Amino acid sequence: MKNFKQTLLAVVLTSCCGVSAIALAQTAPDVPPRPQHPMGEPGKNPEQMKERFAKHQAELHDTLKITAAQEPAWKAFIQSVTPKAMPPREDFKELDKLTTPQRMEKMLERMKEHQTQMQDRLAATKTFYATLTPEQQKIFDESHRRLQHKMQSHIARQMHKRGDAPGMMNKP
């Protein structure tokens with residue numbers, strides 16, 4: 001009787017494992033991949049982005065120990081570097097209708113817009129930086145270096161998730 005129970009238990013467990021394996025082996029229906037923006041999901045949660053930016057600003061303000069005399073320059077700096085609303089995403093279907101040179105022209109237009117924004121930020125940063133003491137400049141430099149490193153790491157992780165990391169073939 002003991003052998004019968006053990007054999008029955010082994011058969012039941014084996015059957016359950018087999019049924020589970022079959023259920024897990026079934027694949028979900030093919031869903032076409034959603035086109036992804038090269039930088040992840042811009043503006044996915046604009047409120048959260050604003051909160052993080054405001055928190056970073058407050059921390060930097062406190063860390064730099066901005067004086068009353070520096071406050072107007074600080075406010076002008078923050079106003080000029082605060083990210084503007086993200087432009088609407090390109091319609092991938094419309095982009096697919098363009099020829100390669102036309103798509104490249106669109107990319108170049110966007111790059112020129114980004115360059116103009118970066119030049120504006122650079123000018124504002126130089127103006128603000130000139131108001132800082134040498135000690136504050138060191139703190140500002142280190143803060144910017146850390147922030148830049150975080151952003152680069154985030155972009156690299158996003159690219160790796162999508163398979164766009166350097167040295168990897170882009171998925172069609």
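Mentor: Happy to! The chain has six helices and zero strands (DSSP runs, numbered from the N terminus: H or I of at least four residues for helices, E of at least two for strands). Starting at the N terminus, the order of elements is α-α-α-α-α-α. Keep in mind that this is a predicted model, in which local features need pLDDT of at least 70 and side-chain atom pairs need 80 or more, while totals for chains, interfaces and linings use all residues. Residues are numbered from 1 along each chain as its sequence is written, and side-chain values use heavy atoms, without hydrogens and water.

Now find helix α6, residues 134–162. One partner is helix α2, residues 46–64, whose axis comes within 10 Å of the axis of α6 and crosses it at roughly 150 degrees (axes are lines fitted to C-alpha atoms, for helices over the stretch in contact, with angles from 0 to 180 degrees between N-to-C directions). That makes α2 roughly antiparallel to α6, a label for angles over 145 degrees. On the α2 side, the contact (heavy atoms within 4.5 Å) is made by H56, L60, T63 and L64. On the α6 side, look for Q136, I139, F140, S143 and L147. Sorted by class, the residues of this contact are five nonpolar, four polar and no charged (nonpolar: Ala, Val, Leu, Ile, Met, Phe, Trp, Tyr, Cys and Pro; charged: Asp, Glu, Lys and Arg; polar: the others, Gly among them).

Next, turn to helix α5, residues 100–131, which packs with α6 at an angle of about 140 degrees, their axes 8 Å apart. Here T125, F128, Y129 and T131 of α5 meet Q136, Q137, F140 and D141 of α6. This contact has three nonpolar, four polar and one charged residues. Notice Q136 and F140: α6 uses both in its contact with α2 and in its contact with α5.

A76 is partly exposed, with a relative accessible area of 45% (buried is under 20%, exposed over 50%, partly exposed in between, with a 1.4 Å probe and protein chains only).

Finally, step back to the whole chain. Of its 172 residues, 12% count as buried. Among contacts between residues at least 6 apart in sequence, 63% join residues at least 24 apart.

Conventions: Parallel < 35°, antiparallel > 145°, perpendicular 65-115°, else oblique.
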